[in-house]
Amino acid sequence: MSAPQQQPYQPTGPFSAIPPAAAPRPPSDARLPRLFAAMMGVFAGLLVLLATFLPQSTYEQLSEGKPVSKLAETGWTRTFDIEPSAEEKEFYDKTHVARYGIPLSTAALTLFAGAAVGFAAYRRSSTSIAATTSRTLLVAGGAGTAIGVWMLGMDISASLSFGQDTGRFVSRYGTGSGFWILLAGGLVALLTIGLAIVANRREPAQPRQVPYPAAYPPHAPGVPQQQYPQQQQPQPYEPPSPPTPPAGSALQQQDILRPSPDNPPRPDNM
């Protein structure tokens, strides 16, 4: 015969309505998106700065199948693979490229500044001044990078439509490695903006651990409270007075002969 299994204790009465305390949830670190945003900001800034010094668009002109002119444009200047003629060189000296390197470099420096402040304020609250400054710089730098990449993409897309092929002369426009690196930097900048916005969430407050609930309900909900009769408070105890001896008894005579504490006997009567 197997022994009966012991059932867990089930409280009854007014305490049975108290729900059991939930197990403490592990604290979630809401500062990780801020750290990731700073890291992505540095990565995007490096890509943008590198792309401004690499060829973003190329131009090549062929005459009867032989290249006669070939150049590439960066975010700052143009470079020639084939030295131009005197007339072409005079023309190029009077003109300059669209210097996208200036706004793109400014956006990259803004990302670097936001990342630096973000690393310094990693252990601070998301509502602190340093965290707010880092988030603002990262969002502004990421938005500036995305806008600059979009405008440069529209410019290169328009230049690609200028290509001609007349049979004898062929003009070709293309994209350089700098444009694709810059496009990658713009995508990382958009990711930086998203992480910076997510990092705006406040850290959840840690619940205070208490051994028991702060207050108990007086009685279970839906159960009428039982009324108890009020007990009368006991009267203070007074000792009974000694009985008075009958007149003429020996006890009364002793009381008469006993000296009073208010009138002690004199020494000469002793």
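**Close-up views of a predicted model**

**Figure 1. Surroundings of Ser 57.** Apart from neighbours within four places in sequence, Ser 57 is in contact (heavy atoms within 4.5 Å) with Leu 71, Ala 72, Glu 73, Ile 156, Gly 174, Thr 175 and Gly 176. Ser 57 belongs to strand β1, residues 57-63; strands (E, at least two residues) and helices (H or I, at least four) are DSSP runs numbered from the N terminus. The relative accessible area of Ser 57 is 14%, so the residue counts as buried (under 20%, with a 1.4 Å probe and protein chains only). The model is predicted: local features need pLDDT of at least 70, side-chain atom pairs count only at pLDDT 80 or more, and totals for chains, interfaces and linings use all residues. Residues are numbered from 1 along each chain as its sequence is written, and side-chain values use heavy atoms, without hydrogens and water.

**Figure 2. Packing of helices α1 and α4.** Helix α1 (residues 32-52) packs against helix α4 (residues 129-160) at an angle of about 35°, with the axes 11 Å apart. Axes are lines fitted to C-alpha atoms over the stretch in contact, and angles run from 0 to 180 degrees between N-to-C directions. Arg 34, Ala 37, Ala 38, Gly 41 and Val 48 of α1 meet Ala 131, Leu 138 and Thr 145 of α4. These contact residues comprise five nonpolar, two polar and one charged. Nonpolar covers Ala, Val, Leu, Ile, Met, Phe, Trp, Tyr, Cys and Pro; charged covers Asp, Glu, Lys and Arg; the others, Gly among them, are polar.

Notes
Buried means under 20% relative accessible area, exposed over 50%, partly exposed in between (1.4 Å probe, protein chains only).
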